[in-house]
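Please work through each task before reading its solution.

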Amino acid sequence: MEKEAASADRPKRMKSGEAPAPDKPMRSGFTTGACAAAVAKGAVQLLITGIPPKEAVISLPAGFDHAFELIEPVLNADEASCTTIKDGGDDPDATHQARIIASVSWREEPGIELDGGIGVGRVTKPGLPVPVGEAAINPVPRRMITEAVTGVLEEHGSAKGVRVVISVPDGEEIAKKTLNGRLGILGGISILGTRGVVVPFSTSAYKASVVQAISVAQAMNCQEIVLTTGGSSEKYAMQMYDQLTEEAFIQMGDFVGFAVKHGKRLGMKKIILVGMPGKLSKVAQGVMMVHSKSAPVDFGFLAEVAREAGVDESLAAAVAEANTATQVADMMTEANALSFFERLCTYGCQHCLEHAGGGIVVEMVLITLKGNVLGRARVGE
């Protein structure tokens with residue numbers, strides 16, 4: 001983080017518990033990386049001064065300062081530790097209320113040695129921003145921790161080096177609620193964050209997780225990936241494509257076009273989409289962001305596809321007046337118009353291939369809520 005040239009340009013200092021207002025009236029929180037930097041700073045202050053700090057002020061990449069409350073200070077002869085409780089705000093974050101601890105001790109060599117302790121995962125697969133074998137503390141949190149600790153050492157004129165160990169006592173249990181195991185992060189959670197702030201239902205955070213998952217698949221030499229919109233469709237996809245390793249399965253959420261483009265960029269030869277009518281019928285329309293607020297299901301389009309499938313005009317008219325894509329799927333199933341689903345999948349594949357700029361194979365499988373296959377298609381080289 002660059003130092004500001006003048007005090008007038010410094011980030012605004014905000015009170016503890018305060019965060020930038022998100023786009024909607026929900027409370028923002030703070031990342032595990034920001035918490036780790038705060039407790040590391042506090043622990044070094046305790047080690048040097050012997051005085052337990054009540055808070056640690058950290059300059060966040062988001063552009064403001066935040067004071068983190070510090071609890072449970074411990075000082076021994078050559079080691080100090082501080083704890084903070086992670087506040088995830090209103091985001092549905094598995095790490096909300098987790099205890100983040102930093103333990104620091106002097107080392108003979110100058111500089112800062114950083115490692116993970118109990119509850120912080122260890123990287124075992126390539127493709128992540130942290131090398132194999134190291135603690136799963138991402139680059140921005142590493143920089144934040146290093147800068148916070150360096151600032152304290154310089155303030156007190158210390159030329160010594162320190163070892164910093166970040167721990168999360170419940171991290172191994174929390175990690176079971178995440179995809180860390182599939183990504184090859186074992187033994188605990190990752191220390192994450194690029195801005196220091198958690199915005200509820202953050203689009204950028206979800207996109208970043210999709211890219212990370214595809215990067216791991218690439219590093220594990222996967223040449224095809226299976227994109228799903230959620231856990232249920234992924235469960236059925238894993239049964240259908242059981243020859244693929246778990247790294248090949250990626251929950252893209254609503255970000256179809258984004259995931260397809262990055263899949264091609266990262267060298268995938270084949271991209272498979274598995275999902276249910278509500279989301280994938282939108283892809284067949286050419287919609288690449290399938291959130292319910294982004295674009296409605298086009299029932300006029302579905303009626304035209306039904307006509308192409310050979311249904312009579314009364315049924316096509318009923319499709320045009322339907323309420324949900326699932327209702328349309330039921331209509332087509334009852335009419336035994338199974339080519340309707342194949343046509344939908346073909347349209348979806350074509351739109352994805354066009355969105356990616358060609359050069360890959362796209363396959364789409366449309367399934368029911370119970371995992372039964374309605375139709376499938378494949379387009380591309």
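**Exercise 1.** In which sense do S8 and strand S11 (residues 161-167) pair, and over how many bridges?

*Solution.* The structure is a predicted model, in which local features need pLDDT of at least 70, side-chain atom pairs count only at pLDDT 80 or more, and totals for chains, interfaces and linings use all residues. Residues are numbered from 1 along each chain as its sequence is written, and side-chain values use heavy atoms, with hydrogens and water left out.

Step 1. Strands (E, at least two residues) and helices (H or I, at least four) are DSSP runs numbered from the N terminus; two strands pair if DSSP finds at least two bridges between them.

Step 2. S8 and S11 are joined by five bridges, and their pairing is parallel. Within S11, Arg163 lies opposite Glu113.

**Exercise 2.** State the strand order of the open sheet that has S5 and S8 at its edges, and explain why one side of each edge strand has no neighbour.

*Solution.* Step 1. The order of the five strands is S5-S6-S7-S11-S8, with mixed pairing.

Step 1. S5 (71-75) and S8 (112-116) each have a single partner strand, so one side of each lacks a neighbour in the sheet.

Step 2. From one strand to the next, the twist averages 15°; angles run from 0 to 180 degrees between N-to-C directions, and axes are lines fitted to C-alpha atoms, for helices over the stretch in contact.

Step 3. Helix H1 (residues 32-49) packs on this sheet and touches S5, S6, S7 and S11, where contact means heavy atoms within 4.5 Å. The direction of H1 makes about 40° with that of S7.

**Exercise 3.** Describe the open sheet with the order S16-S15-S17-S18-S19.

*Solution.* Step 1. This sheet has five strands and mixed pairing.

Step 1. S16 (249-251) and S19 (373-380) stand at the edges, each with a single partner strand, so one side of each is without a neighbour in the sheet. The twist averages 20° from one strand to the next.

Step 2. S17 (residues 270-275) and S18 (residues 361-367) pair in the parallel sense over six bridges. Lys270 has Val361 in S18 as its bridge partner.

Step 3. Helix H8 packs on the sheet, in contact with S17, S18 and S19, and its direction makes about 140° with that of S18. Helix H12 also touches S17, S18 and S19, at about 35° to the direction of S19.
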